[in-house]
Amino acid sequence: MKKLLFPITLIFLFLTSNTFAQDKVVDETFWVGGVCGMCEDRIEKALDLKGIKMADYDHEKQELHVVYKTTKITRKQIDQALNAVGHDTATSKATDEQYNNMHGCCKYRDPNAKSCESGDDHEDEDHDDED
Ligand SMILES: [Cu+2]
């Protein structure tokens, strides 16, 4: 009879810890390379993923504010999603290939890159020229 108690306790512990885990929401702000409104759109679109409740990028501060559920997505997966569209994060760098796929005016690693605002080959809809 005593032998049964151990597995029952384990199942109970598993069920309770699982319930707690489901509610784990992380709110983080970290550096992500980017220069303009296009980067902002690209970053936020790339984070339109399951488990991400909110993603807000500020290209002037180069900061991403993200709120996500750790049971659905990990910080590593978020880094990978950002790297995939060409953006470096505080903890993970995009490959040169990923970086080079970005629009010419978004080359944030190059301090001499021409700004998106002055480029004429830039898509005109949804143009961010506030500031
Ligand atoms: Cu950009």
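Me: What makes Leu64 the bridge partner of Tyr57 in β3?

Reply: Happy to start there: Tyr57 has Leu64 as its bridge partner in β3, and strands are DSSP runs of E, at least two residues long, numbered from the N terminus. This is a predicted model, where local features need pLDDT of at least 70, side-chain atom pairs count only at pLDDT 80 or more, and totals for chains, interfaces and linings use all residues. Residues are numbered from 1 along each chain as its sequence is written.

Me: How do you know that β2 and β3 pair?

Reply: Two strands pair if DSSP finds at least two bridges between them. β2 and β3 have 6 bridges, in the antiparallel sense, so by that definition they count as paired. They form a hairpin with 4 residues between them, and Gln62 in the turn has a positive phi of about 55°.

Me: And what about β1 and β3, how do they pair?

Reply: β1 and β3 (residues 63–69) pair in the antiparallel sense over 7 bridges. Leu64 in β3 is the bridge partner of Phe30.

Me: Why are β1 and β2 called edge strands?

Reply: The open sheet of 3 strands has the order β1-β3-β2. β1 (25–31) and β2 (52–58) each pair on one side only.
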